[in-house]
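Trainee: Could you take me closely through one part of this model, the sheet, and tell me how its strands are arranged and what packs on them?

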Amino acid sequence: MRLVLVGPPGAGKGTQAAFIADRFGVPKISTGDIFRANVSQGTPLGQEAKKYMDAGDLVPDEVTIAMVRDRLAQDDAAEGFLLDGFPRNVHQAAVLDDILTELGARLDVVLELAVDDEEVVRRLSGRRTCRSCGHVWHLEFDPPSAEGVCDACGGELFQRDDDRAETVRHRLHVYAEQTAPLVGYYGERGLVEEVDALGPVAEVTERAVAALERAA
Ligand code: AP5
Ligand code: ZN
């Protein structure tokens, strides 16, 4: 299965991507995660990306597209993949079409996770990420048992720089302007499955898996 996950910041893309990729046996390719790994390793790519990420803006297309092109050419993506956070605008979507054509492949489905802005703010203000293993927690919805400590590995939890309230507002604006048009772009081809992303994580996963099984 070749799948794109789309939805506003904090919709639960990363959370659901882990379950869905596992369920369908495909690699999860998250551009946000790849950028953040580069930022924490201090690579040139990370240094370039950080200034855009901290401001809540998109990293320039040429940087992002080159990175995704390389990743999709790797062997483990040959039979399928889940893209989380890419494409992020219509230009990236058009280039993805070209890359897939070159690889002799095509997208099967675009899963849209739908949440309202109020829920986005609630989810992002409470999000905490483990510095050691990357696990994502939520202070209210999925709290670690000890404050500031990851239950999975004992690592330290931190709040993402781009989860500050004013940056979240900007990211929502960027989503509405640049990313939401993808729903129309892919909708014309009948590829979009919209899933209500409100409610407990496991229920959203069930809805997503049901939609994907219908589409496959
Ligand atoms: P990226 O990392 O992709 O950020 P995003 O799209 O804003 O999404 P988030 O990671 O904030 O949220 P999510 O939907 O994954 O939610 P999560 O599962 O964590 O991108 C970051 C930046 O990188 C961009 O701003 C840009 O600068 C750059 N970038 C990335 N891709 C790019 C591209 N293609 N082009 C250019 N630039 C790019 O959940 C959020 C919280 O809610 C968590 O705490 C979680 O525990 C909780 N939660 C999840 N589900 C539920 C639920 N059902 N109920 C209650 N709580 C829940
Ligand atoms: Zn951890």
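Mentor: Strand S2 and strand S3 (residues 81-84) run parallel and are joined by three bridges; strands here are DSSP runs of E of at least two residues, numbered from the N terminus, and two of them pair if DSSP finds at least two bridges between them. Within this pair, serine 30 has aspartate 84 of S3 as its bridge partner. The model is a predicted one, in which local features need pLDDT of at least 70, side-chain atom pairs count only at pLDDT 80 or more, and totals for chains, interfaces and linings use all residues. Residues are numbered from 1 along each chain as its sequence is written, chains are lettered from A and ligands numbered from 1 in the order written, and side-chain values use heavy atoms, without hydrogens and water.

The S2-S3 pair belongs to an open sheet of five strands, ordered S2-S3-S1-S4-S8, and the pairing is parallel. Strand S2 (28-30) and strand S8 (192-196) form the edges, each pairing on one side only. From one strand to the next, the twist averages 20°, with axes taken as lines fitted to C-alpha atoms and angles running from 0 to 180 degrees between N-to-C directions.

Helix H1 (residues 13-24) packs on this sheet; helices are runs of H or I of at least four residues. H1 touches strand S1 (2-6), S2, S3 and strand S4 (109-114), where contact means heavy atoms within 4.5 Å. The direction of H1 makes about 180° with that of S3, the helix axis being fitted over the stretch in contact.
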